[in-house]
Amino acid sequence: MCAIAEACVLPTILIVVPFMACDLSLSANQATAVHATLTLGMAVGGFLFGIIIDASGRKGSIPVTMIVVFCATISLSFAQTTFLIYISTFILGLGLAGNNVVLRVYLIELLPMKRRGFCLVILDVLGILSYMSILGLSWLLMPSILLFQNKKFRPNSWRVLTGLGGIPNLIIACATSLLPASPRYLLYRRRHEEALSILRQIYAINNSKHVDTFVLSLSNLENCVKQIEEEDEETNNMIKTIHKFCVKTYKRIREICKTFKYTTILGICTNFLQFPGIMWLALWSAQILQQTENTQKSSRKDYACAIDIEDMALGFLHNCQEVDMDRFRMLLYLSLSYLVAEILLVIGIDVVGRKIFLVFSGLVGATACLGLLFTVHNVIQLVLSLIILATYVIGRTTASIILLENYFTGVRGTIIGLSRIFPYLVGSFSKLFLNVQCASSIIVMLGILMSAAVAGSRMTDLTRLPMQE
């Protein structure tokens, strides 16, 4: 439910930006800056909440991130100035990236080794289903939004759509109070009795047996989770608290660089798959197909296929009175490949193994990119685009699981947040200045998929094995 609520927001923002530009008379540069600000917020939010959950726990951070998302969407729906729009989208990025990190770290620490991959892939399956549903719903609502565009009373507008996209996050934030705390994190904090109590509950529910038949004792839980530092004494001084938090964060990053230097470099390379994001990659693919078709129809010799970020950001509308239905239709069709790919992962992630999926998807995707460079046939281009999108989402999901499994509890949140800073920063920068030839963008995508395959082949595969601890 958290994954569904999170996935409701991103496609909503993608849809409302063109309407926002029409309604508030934003320039194309300002519209793309909204997306860049959102991605910049995600770079900060992923790292910030990654270090917070390593310092204060997993469960309590889940509703916090969802409430941040809700508040940001409500603020954005009432925003009248560009400054408030930028602030709202930045905070929205904080919450979305934070929720993505917290949810995966929390869940993997509760799952048995035989089902870790399956359950984490299910998160992405539900996210993609939600993304496609919101995309389809927006497609249906866009004509009525245009109809009310210049009316004083507007029961349907981009503001209403933005507010509605954030409401599920508030509802699910309340429901997360039913979740148990992470037993691994409790052991890391030496709260053995609380961890044992949760393990007893899990045992009783999963096996339909009384908790008294649970044979594990406190002595079995001693020293089974690696410690980095001793628990510091609590203090009411805010400055001292912030100082101790920064010191602990430094110790975790130092531990990552010292103990897992090689794995960290590989993990950052594989997590560069986070850079495009599933929505922007599908938009990129749709624009390449449309641009190639226009190139073939054009009688001008100097007409060349180009990827323009402004066209991608505002391309859902031909103008402020007409929706580009072809863009919507193409985006939905291409996004079906994401769903097919995730279903393949659900079936095989815990059987075949993570590394095989990551390496094979990277190689196949890179080959498809190479083929896309040298073909002009529309049907072949469509098939290759579907393959690229499918292999991308397989690699993206698998890389995240591998990285989560290869670090111990004390630094798991920190490394996930750390590994996403650079990809999100590059993504934010590209949304401000991206304007390249189609061939160049395909070569970049080829390089991302190939580097993920090469780096993934050197990482430890812990399929059906205990996580690092």
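His35 is buried in this predicted model, with a relative accessible area of 3%. The residue belongs to helix H2, which spans residues 28-56. Beyond its neighbours within four places in sequence, His35 contacts Ile13, Leu14, Val17, Trp280, Ala313 and Lys431.

Ala313 sits in helix H12, residues 309-314. Ala313 is buried as well, at a relative accessible area of 1%. That value counts as buried because the cut-off is under 20%. Leaving aside neighbours within four places in sequence, Ala313 touches Leu14, Pro18, Thr32, His35 and Trp280. Leu14 and Trp280 are also among the contacts of His35. Pro18 lies 295 residues from Ala313 along the chain, yet their C-alpha atoms are separated by 7.2 Å.

Helix H1 covers residues 2-24 and packs against helix H6, residues 158-175. The axes are 8 Å apart and meet at an angle of about 165°. H1 is therefore roughly antiparallel to H6. The crossing of H1 over H6 is left-handed. On the H1 side, the contact includes Cys2, Ala5, Cys8, Val9, Phe19 and Met20. H6 contributes residues including Trp158, Leu161, Gly165, Pro168 and Ile172. By class, the contact of H1 with H6 has 13 nonpolar, four polar and three charged residues.

Leu92 lies in helix H4, residues 82-108. Leu92 is buried, with a relative accessible area of 1%. Beyond neighbours within four places in sequence, its contacts are Val9, Ile13, Leu38, Val69, Ala72 and Thr73. Ile13 is also in contact with His35. Leu76 is 16 residues from Leu92 in sequence, and the C-alpha atoms of the two are 9.0 Å apart.

Helix H3, residues 61-78, packs against H4. Their axes come within 8 Å and cross at roughly 155°. The two helices are therefore roughly antiparallel. H3 passes H4 in a left-handed crossing. The contact of H3 with H4 comprises 14 nonpolar residues, nine polar and no charged.

A further helix pair is formed by H14, residues 354-373, and H17, residues 438-457. The axes of H14 and H17 come within 8 Å, crossing at roughly 160°. H14 and H17 are thus roughly antiparallel to each other. Their crossing is left-handed. H14 brings residues including Leu358, Val359, Gly362, Leu363, Ala366 and Leu370 to the contact. From H17 come, among them, Ile442, Ile443, Leu446, Leu449, Met450 and Ala453. The contact of H14 with H17 has 17 nonpolar, four polar and one charged residues. Lys355 of H14 is the charged residue, because Asp, Glu, Lys and Arg are the types counted as charged.

The largest nonpolar core holds 116 residues. Tyr131, Trp284 and Tyr338 touch the most other members of this core. Not counting residues up to four places away in sequence, Tyr338 touches Ile128, Tyr131, Ile278, Leu281, Ala282, Leu389, Tyr392 and Val393. Another core, of 11 residues, lies apart from the largest one. Its members include Tyr188, Ala195, Tyr203 and Leu221.

Technical notes:
Residues numbered from 1 in each chain as written. Predicted model: local features only at pLDDT ≥ 70, side-chain atom pairs only at ≥ 80, totals over all residues. Heavy atoms only, no water. Helix = DSSP H or I, 4+ residues; strand = E, 2+ residues; numbered from the N terminus. Buried < 20%, exposed > 50% of the residue type's maximum accessible area, 1.4 Å probe, protein only. Contact = heavy atoms within 4.5 Å. Axes fitted to C-alpha atoms, helices over the stretch in contact; angles between N-to-C directions. Parallel < 35°, antiparallel > 145°, perpendicular 65-115°, else oblique. Left-handed = near helix turned anticlockwise from the far one by under 90°. Core = buried A, V, L, I, M, F, W, Y, C linked by side-chain atoms within 4.5 Å.
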